[in-house]
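Me: Can you take me through where the ligand sits and what is around it?

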Amino acid sequence: LVHHRDLKRQLQEKLPPRLFTLIQEAGQLADRLDLPLYVVGGCVRDLLLGIENLDLDLVVEGDGIAFARKLAAEQLGRVKAHDRFGTAVIVLPDGLKLDVATARTEYYEYPTALPTVEQSSIKKDLYRRDFTINALAVRLNGRGFGEVLDFYGGQRDLKNQAIRVLHSLSFVEDPTRVFRAVRFETRFGFHLGKDTLALAKAAVKMALFQKLSGHRLLEELKALCSEREPKSGLKRLAELDLLRFIHPKLSWTPRLEKLLFAVEETLDWYRLLYLDRKLEAWLVYMMAIAAVLPDRGVTDLLKRFPFSEREATTLKALRGGAHRLLRQLSKQPPLKPSGVCRILEGAQDEALVAIMAQSPSDRVKRLVSAYLTAWRQAVPRLTGKDLQSMGIKPGPIYGTVLTQLRDAHLDGLVKTEAEERAFIEKLLRR
Ligand code: ATP
């Protein structure tokens, strides 16, 4: 990695042509309006690291919302503005999104408060950001197009693989940044700079994290657990003595480590199997965390963090530990497929993956895997319509008959349509 003065070529080579044209046109509009325009943050960082990142954040030295409206009008897009922050999102006809912000300074009236916002210069705007590597900007205006603005040593830190804050009060202003720091360490294999590490440790001693809202902390945890290898991130949280802010009883133990390893493996397996399915991997990690907490652990987590209803349901599915489920699944003599289905019915994929990861026995793992890949989807040939044409009067009996038919189908007792009919007739005679 070398220090760049000009990223025009990289922008042209790394961005899809459509996006490149878009930022060029944005730059031309900014020229006409005589407003300095920049692309900032994660996208610039990733451009320098050679990592694809199509989330462009634009910053205008001037009214960002007004600029967004004009750019959207030119590009036939729509604008959603947040007046309080001077920010806007442009949504283009093809679904492409572009964030536009007013260059601003933020004042924190007290630690962990939401900042008070004021329009200002790009240099000050970059100064309020979390780390030097995220405080780089690239100019998009006409002649200066592609010029790098590096006021705080971001390029040097990218080269040294260091996560560094911009000033010593950074973590006091916003303690979630400690979690963000760990996330970037985990993602890039970087390390906290020496001073930044000391500041992070001081922040932990001051216990600012208790004051953080469950919402903000959860957002950070979700983000960390959505990284490719959250295990090392969680271990790092433990090293920094941060796990206790997730739950006072949470600590790094061989059991947790082993479980996280199993979660990683099971998630890999799941992703290979279902390339197209979206799984909330972070939720599986949450379940692993809940699994090593004392009994009330899940209840505590649900109180501390604003999980969505679906997330809460998934977490609760494992309340009382996955132990009970695992015990049921490992019954002797072995359960029939229909029995496994009855136990796992309705469980979200996240919960199934979590159970598999927690299962110490291969036999149980295979049962859950069979449920996930085959049994759950299994349906008999005959449906309610067929029952009707067999002259059975519609009513609650349909549910009973179809459930039993499905069970028989799952357990291999009926294979052909004729066998299914015979099964139903016998059932009704009884
Ligand atoms: P990712 O690749 O995870 O999206 P990102 O750097 O784009 O990384 P975002 O959370 O999207 O991260 O934030 C965009 C930018 O806003 C960051 O690059 C950073 O400059 C700034 N930022 C985000 N959160 C904070 C924070 N808590 N404190 C200061 N600056 C922040």
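Me: Why does the ligand lie between domain 1 and domain 2?

Reply: This is a predicted model, where local features need pLDDT of at least 70, side-chain atom pairs count only at pLDDT 80 or more, and totals for chains, interfaces and linings use all residues. Residues are numbered from 1 along each chain as its sequence is written, and side-chain values use heavy atoms, with hydrogens and water left out. The bounds come from an automatic or database domain assignment. The ligand lies between the two because the shell around it takes residues from both domain 1 (8-160) and domain 2 (161-246).

Me: Which element gives the most to the shell around the ligand?

Reply: Helices here are DSSP runs (H or I, at least four residues), numbered from the N terminus. Five residues of the shell come from one of them, and that top contributor is α8.

Me: By class, how many charged residues does the shell have?

Reply: Asp, Glu, Lys and Arg count as charged, Ala, Val, Leu, Ile, Met, Phe, Trp, Tyr, Cys and Pro as nonpolar, and the others, Gly among them, as polar. The shell has one nonpolar and three polar residues, and the charged ones number ten.

Me: How far is an oxygen atom of the ligand from an N or O atom in the side chain of Arg45?

Reply: A polar contact is a pair of N or O atoms within 3.5 Å. For the Arg45 side chain, the distance to a ligand oxygen is 2.9 Å.

Notes. Polar contact = N/O pair within 3.5 Å; in protein donor to acceptor, adjacent residues only side chain to side chain. Helix = DSSP H or I, 4+ residues; strand = E, 2+ residues; numbered from the N terminus.
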